[in-house]
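Here are my notes for you, written as a colleague would jot them down. Keep the model open while you read, and look up each place as it comes along.

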Amino acid sequence: MKQEKNIPYKIYLEESEMPKAWYNLRADMKKKPAPLLNPETLEPMTAEELGAVFCEELVKQELDTETAYFPIPQEIQDFYKMYRPSPLVRAYCLEEKLQTPAKIYYKFEGNNTSGSHKLNSAIAQAYYAKNQGLKGVTTETGAGQWGTALSMACAYLGLDCKVYMVKVSYEQKPFRREVMRTYGAEVTPSPSETTAIGRKILEEHPGTTGSLGCAISEAVEAATSKEGYRYVLGSVLNQVMLHQSIIGLETKAALDKYGITPDVIIGCAGGGSNLGGLIAPFMGEQLRGEKNYQFIAVEPASCPSLTRGKYAYDFCDTGKVTPLAKMYTLGSGFIPSANHAGGLRYHGMSSTLSELYDQGLLEARSVEQTAVFEAAKMFAQVEGILPAPESSHAIRVAIDEAMKCKETGEEKTIVFGLTGTGYFDMVAYEKFNNGEMTDYIPTDEDLAQGFAGIPKFEGNEID
């Protein structure tokens, strides 16, 4: 491994250099994301309406499009110090393997027990719930990283935690489920018989393996039917992207420390929290006219909300109990194939990222899962980290970009988000290693069924 002079293998910030405030990207957007709508009135949701579902302080963060920085409470800063700052790693071994002139860096968010970036927002949301005097919170989880992170945060703060886990992941990842239970969470496979919405979904789709949209519906119902509970969400919402900006702020500070300017910034995209958090301060610079970057969102070909979805107002959940969000969507009734081996199983995309994509400020690519796992295996063998399937979508495109540099001779600097580890994803790795993994790409007819469920009202027409 040939190491570049003055550029260490791992770049760490000092504790004193850690960000003290989260960055709100929307403050620098000239055209703001469309507001959440009340599905009954089709008017923008008020703080009072959202407060019936979410914590009060989180509602303020969700609705604020003007405040650029939100101070991070000291108790959250102290919690962050258990696993932050996370390292920015120069992928020297991967560069050597590829024989590319590109310089590749990855921000590693898997160095905590939850195994992913999700803890950054989980502790914030649990903190605000605790400060409000609530008894507990409810949530959904797909692959299990968010549920694990929230169970950790709730255990730390003494809050009750109820998790609705997408059924296919509940069955494929029993050890992830047991980590949540070890931290005191109650974990229910979704859709379930424990909620009215769950029973309805099971009646309409007998034998379904579930989706994040289903699990969200159940978690919202559980929160609104119990005194002293609120619902918290691990992705999609503006408040989550705000908390995850800690990733991008640390990444930028680490790069600036060594005078490094990235050309390409890549992240996997399901609901948008890690990608939004990673690119936030860099996109802010671009929006302010200070610098230019290439941003790439990578999503699974089996759930292609950006690359094949419609930009319209849609429900955030399958049961249609949430507000309407304007986003790139496959329709709230779209349920991804159970064959998909990752947590990027959401039918829509963050409203903020959707708006940036619609303005042409963000690229999107969809990749097939066998190609993703090929990249994951190569990365594990040369960089020594077993990556989560979600993160491996970003690895796939980072490798693709590095190989383009090999062909052209360009010395681009590539930064991608390594959002977590894959040690609970061994069923998927086993299928790949056994040659049993296949690629599922929904047909236009498959997608049309989901699009048919997008709400129809004046101004919400789709092509």
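Predicted model: local features only at pLDDT ≥ 70, side-chain atom pairs only at ≥ 80, totals over all residues.

1. Let's start with helix H5, residues 119-131. It has 13 residues, and from the first C-alpha to the last it reaches 18 Å, close to the 18 Å expected at 1.5 Å a residue. H5 is mostly covered, with eleven of its 13 residues buried. Those buried residues are Leu 119, Asn 120, Ser 121, Ala 122, Ile 123, Ala 124, Gln 125, Ala 126, Tyr 127, Tyr 128 and Ala 129.

2. What do the buried residues of H5 pack against? Have a look at strand E2 (21-23), helix H2 (56-63), H3, E6, helix H6 (145-157) and H11. Once you get past the end of the helix, stop at Gly 133, which follows H5 and has a positive phi, near 85°.

3. Now zoom in on Tyr 127, which sits in H5. Is Tyr 127 buried or exposed? Its relative accessibility is 13%, so it counts as buried, the cut-off being under 20%. Leaving aside residues up to four places away in sequence, Tyr 127 touches Pro 73, Glu 75, Ile 76 and Leu 157.

4. Next, see how H5 meets H11. Their axes come within 8 Å and cross at roughly 130°. That makes H5 oblique to H11, and the crossing is right-handed. On the H5 side you'll find Asn 120, Ser 121, Ala 124, Gln 125 and Tyr 128, and they meet Gln 239, Val 240, His 243, Gln 244, Ile 246 and Ile 247 of H11. Sorted by class, this contact has five nonpolar, six polar and no charged residues.

5. H11 (residues 238-257) also packs on helix H12 (residues 273-287), at an angle of about 55° and with the axes 6 Å apart. That makes H11 oblique to H12, and H11 passes H12 in a right-handed crossing. From H11, the contact uses Val 240, Met 241, Gln 244, Ser 245, Ile 247, Gly 248, Leu 249, Thr 251, Lys 252 and Leu 255. From H12 come Ser 273, Gly 276, Gly 277, Leu 278, Ala 280, Pro 281, Phe 282 and Glu 285. The residues here divide into nine nonpolar, seven polar and two charged.

6. While you're on H11, check Glu 250, which belongs to this helix. How does Glu 250 count, buried or exposed? It counts as buried, at 0% relative accessibility. Apart from residues up to four places away in sequence, Glu 250 touches Leu 13, Met 18, Pro 19, Arg 84, Pro 85, Ser 86 and Lys 107.

7. Most residues other than glycine have a negative phi, and most peptide bonds are trans. The bond from Arg 84 to Pro 85 is cis, with omega near 0°, and Pro 85 is in the loop between helix H3 (74-80) and strand E4 (88-90). Ser 190 and Pro 191 are also joined by a cis peptide bond, with omega about 5°. Pro 191 has its place in the loop between E8 and H9.

8. Gln 99 has a phi of about 55° and is found in the loop between helix H4 (92-98) and strand E5 (103-108). Val 236 has a phi of about 70° and lies in the loop between E9 and H11. Gln 99 is exposed, with a relative accessible area of 55%, whereas Val 236 counts as buried at 10% relative accessibility.

9. Last stop: helix H10 (residues 212-224). Its 13 residues should span 18 Å at 1.5 Å a residue, and the end C-alpha atoms are 18 Å apart, which agrees. How many residues of H10 are buried? Eleven of the 13, so the helix is mostly covered. Among them are Cys 214, Ile 216, Glu 218 and Val 220. The cover includes strand E6 (136-141), strand E7 (160-166), strand E8 (186-190), helix H9 (196-204) and strand E9 (229-231).

Definitions and conventions
Residues numbered from 1 in each chain as written. Heavy atoms only, no water. Axes fitted to C-alpha atoms, helices over the stretch in contact; angles between N-to-C directions. Helix = DSSP H or I, 4+ residues; strand = E, 2+ residues; numbered from the N terminus. Parallel < 35°, antiparallel > 145°, perpendicular 65-115°, else oblique. Left-handed = near helix turned anticlockwise from the far one by under 90°. Contact = heavy atoms within 4.5 Å. Nonpolar A, V, L, I, M, F, W, Y, C, P; charged D, E, K, R; others polar. Expected span 1.5 Å × (residues − 1). Buried < 20%, exposed > 50% of the residue type's maximum accessible area, 1.4 Å probe, protein only.
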